[in-house]
Protein chains: 2
Amino acid sequence: MSRLDDLIADAARRDPRALGRLSRIIDDDLEGKEEALRRLHSMGGDARVVGITGPPGAGKSTLVSNLIREGRAGGLSVAVLAVDPTSPFSGGAVLGDRVRMQEHATDPGVFIRSLATRGHMGGLSRSAQQLLTLLDAAGFDLILLETVGVGQEEVQVKDLAQTVIFVTVPGLGDGIQAMKAGVLEIAHIYLVNKADLPMAETAVKDLQTLVSFSPNEDGWKPPVLTSVATRGEGTGRIMEEMDRHFSHLKASGGIAEWRRSLALNSVTEAIRGVVDGSLQHLMTAGRKEFSEDIDRVGRREEDPLSVARRWLERLDLSRG
Amino acid sequence: MSRLDDLIADAARRDPRALGRLSRIIDDDLEGKEEALRRLHSMGGDARVVGITGPPGAGKSTLVSNLIREGRAGGLSVAVLAVDPTSPFSGGAVLGDRVRMQEHATDPGVFIRSLATRGHMGGLSRSAQQLLTLLDAAGFDLILLETVGVGQEEVQVKDLAQTVIFVTVPGLGDGIQAMKAGVLEIAHIYLVNKADLPMAETAVKDLQTLVSFSPNEDGWKPPVLTSVATRGEGTGRIMEEMDRHFSHLKASGGIAEWRRSLALNSVTEAIRGVVDGSLQHLMTAGRKEFSEDIDRVGRREEDPLSVARRWLERLDLSRG
């Protein structure tokens with residue numbers, strides 16, 4: 001049996017070391033990645049993926065920690081994929097979350113993985129999708145996908161998660177701001193965390209108003225909940241609504257729809273991955289020439305598209 | 001003289017109708033886009049681009065409005081590119097910003113353009129970069145790039161703007177959250193808006209502490225400012241620091257570096273643009289077949305990468 005066989009067999013029984021190693025293989029584009037992903041994909045089960053999103057400082061990490069505790073108490077194995085848009089310059093992730101999640105570090109029923117961005121050509125969404133394939137294959141009962149950020153990234157959460165929880169805090173801008181971030185049509189559960197702060201009621205009412213305007217095409221009316229995550233308050237209710245939404249999805253055919261959207265996402269990301277890899281290879285090989293072309297564009301002697309076309313002619317998409 | 005000639009000539013003297021039409025040509029991928037971008041690129045002058053970023057609700061739009069007023073009072077022509085990550089589902093942008101900026105609507109020295117996301121395969125960063133080429137060619141004295149969001153998008157702001165202002169509000173999470181968002185190494189000016197709220201001083205001190213840890217490789221020490229944008233307080237000081245940073249960039253060679261980074265960005269985005277366009281064309285032409293492939297991936301009968309490779313073999317990069 002090859003080493004990859006062993007790793008995958010170990011991952012299938014949620015061995016943390018095997019999961020960690022496969023995560024690194026996927027994340028760092030190491031040898032065996034393609035083969036691993038191919039096999040993990042075929043093993044995929046019926047992952048239940050809950051996305052938790054919202055602005056920085058809303059208390060998402062604390063909420064995730066609470067949900068882990070609640071899930072574990074109910075006998076579920078839980079995986080967390082934390083998508084941290086850390087600096088592309090420092091390359092390092094801040095340890096805040098991990099510190100907060102330390103209480104779960106020794107629990108074999110919990111696996112936590114932090115995902116850093118990998119620069120412009122990489123793609124957070126691709127890595128997240130591939131790690132999800134791993135966690136799905138490992139058969140976790142509940143996968144929590146924590147993303148910091150608003151805007152484009154939430155679209156990715158929507159592509160990857162069945163249930164999306166949007167967490168906000170009192171006093172954080174008005175209703176228009178929430179709409180601006182485009183969360184209205186994405187989230188299935190709204191949560192006002194730090195509900196012991198002043199203006200909590202206003203925040204709840206604002207969200208309720210916004211929800212009342214949302215389309216609800218599939219018949220799900222998003223609830224607006226409150227919590228004080230630092231004291232664990234509200235977690236039970238959130239878990240109940242997560243379960244209720246999951247039942248709703250099963251009844252309405254939403255799970256099949258999600259599975260298809262995930263498949264579409266994984267194929268388009270795979271396409272981009274091959275293109276990006278080939279480009280990176282090409283540019284590395286022709287580094288000096290590429291650099292001169294960039295300088296020419298900077299001096300306005302040539303335009304970006306002409307340079308792009310010249311390099312694309314040399315692209316070999318059978319590699320990468 | 002062709003219609004495109006006319007449009008470009010009119011845009012060069014900042015005619016709002018020509019700018020609007022060229023923006024639409026660029027944004028909606030209309031005929032003439034390639035040729036227009038080619039010519040606009042060659043006209044590019046010495047745009048001064050200031051990025052304004054921060055979480056939703058921090059008051060960025062109000063600040064932008066104040067900066068327009070201040071810039072106009074100083075005789076500058078001002079363009080605003082507002083990057084709104086509005087919902088990919090509704091497709092429409094919320095009018096909040098435009099309402100807020102109405103006072104500038106009739107001023108011919110001001111041009112405001114809102115940029116909506118264009119879904120997964122589109123790319124906000126590409127559109128923003130191309131519209132910047134237009135505004136640069138038009139010769140605006142000051143271009144303000146407002147982006148909602150944290151994380152990946154700020155990396156794009158960093159690629160496009162010479163000076164980045166990070167706006168936050170009191171009480172929005174702790175220092176670790178700011179670091180998480182990776183803004184520390186990106187912003188050149190920090191602003192605590194809504195400084196009349198409680199905890200404003202704490203926010204300032206937190207940021208000052210973080211700034212003191214930042215590398216400052218080019219010798220610029222980011223100031224931490226305060227404002228109450230709704231009352232216009234603090235705008236003069238922000239403008240001063242913007243000017244000071246611009247002088248610093250000119251003295252330190254930072255402008256040349258920025259120009260090169262912008263050129264690199266425009267070429268890689270052009271490459272992605274051609275690839276995305278070709279893919280979209282291919283998938284539209286083979287819509288039924290592609291849809292069947294996706295279903296097969298969803299049923300786990302085939303893996304994403306194998307499907308991706310099959311479609312890539314058929315990719316024609318000379319179009320798109």
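This is a guided tour of a predicted model, with stops to select one after another in the viewer.

**Stop 1: chain A as a whole**

Chain A has 320 residues, and buried residues make up 50% of them. Now consider contacts in chain A between residues with a separation of 6 or more: 76% of them join residues 24 or more positions apart.

**Stop 2**

Twelve residues from domain 1 and twelve residues from domain 2 take part in the contact between them.

**Stop 3: strand β6 of chain A**

Select residues 189-192 of chain A, which form strand β6, and show their side chains. Ile189(A) and Leu191(A) point one way, while Tyr190(A) and Val192(A) point the other way.

Strand β5 (residues 163-168) of chain A runs parallel to β6(A) and is joined to it by four bridges. To find one of these pairings, select Ile165(A), whose bridge partner in β6(A) is Ile189(A). Strand β7 (residues 224-226) of chain A also pairs with β6(A) in the parallel sense, over three bridges. Here, select Tyr190(A) and look for Val224(A) of β7(A), which stands opposite.

**Stop 4**

Move on to the loop between β6 and α9 (200-213) of chain A, where you will find Lys194(A). Lys194(A) has a positive phi of about 55 degrees, although it is not a glycine. Why does Lys194(A) count as buried? There are 23 C-beta neighbours inside 10 Å of Lys194(A), so it counts as buried.

Met199(A) is also in the loop between β6 and α9 of chain A. Its phi is near 75 degrees, again a positive value in a residue other than glycine. Met199(A) counts as partly exposed because it has 13 C-beta neighbours inside 10 Å.

**Stop 4: strand β5 of chain B**

Switch to chain B and select residues 163-168, strand β5. Six of the six residues of this strand are buried, so β5(B) is largely enclosed by the rest of the structure. Both faces are covered: Thr163(B), Ile165(B) and Val167(B) lie on one side, and Val164(B), Phe166(B) and Thr168(B) on the other.

Strand β1 (residues 49-54) pairs with β5(B) in the parallel sense over four bridges. Strand β6 (residues 189-192) of chain B likewise pairs with β5(B) in the parallel sense over four bridges. Centre the view on Phe166(B), which is the bridge partner of Thr53(B). In β6(B), the partner of Phe166(B) is Tyr190(B).

**Stop 5: two helices within chain B**

Select helix α4 (residues 60-73) and helix α10 (residues 235-252) of chain B. Their axes are 10 Å apart and pack at an angle of about 75 degrees. The two helices, α4(B) and α10(B), are therefore roughly perpendicular to each other. From α4(B), the contact uses Asn66(B), Leu67(B) and Glu70(B); from α10(B), it uses Thr235(B), Gly236(B), Ile238(B) and Met239(B). These residues divide into three nonpolar, three polar and one charged.

**Stop 6: a helix from each chain**

Finish with both chains shown. Select helix α11 (residues 254-285) of chain A and helix α12 (residues 287-298) of chain B, whose axes come within 8 Å and cross at roughly 110 degrees. That angle makes α11(A) roughly perpendicular to α12(B). On the α11(A) side, the contact is made by Arg259(A), Arg260(A), Ala263(A), Leu264(A), Ser266(A) and Val267(A). On the α12(B) side are Ile294(B), Asp295(B), Val297(B) and Gly298(B). The residues of this contact divide into five nonpolar, two polar and three charged.

Last, pick out Asp295(B) in helix α12 of chain B. With 15 C-beta neighbours inside 10 Å, Asp295(B) counts as partly exposed.

Definitions and conventions: Residues numbered from 1 in each chain as written. Chains lettered and ligands numbered in written order. Predicted model: local features only at pLDDT ≥ 70, side-chain atom pairs only at ≥ 80, totals over all residues. Contact = placed C-beta atoms within 7 Å. Axes fitted to C-alpha atoms, helices over the stretch in contact; angles between N-to-C directions. Parallel < 35°, antiparallel > 145°, perpendicular 65-115°, else oblique. Nonpolar A, V, L, I, M, F, W, Y, C, P; charged D, E, K, R; others polar. Buried ≥ 20, exposed ≤ 12 C-beta atoms within 10 Å, placed from the backbone. Pairing = 2+ DSSP bridges.
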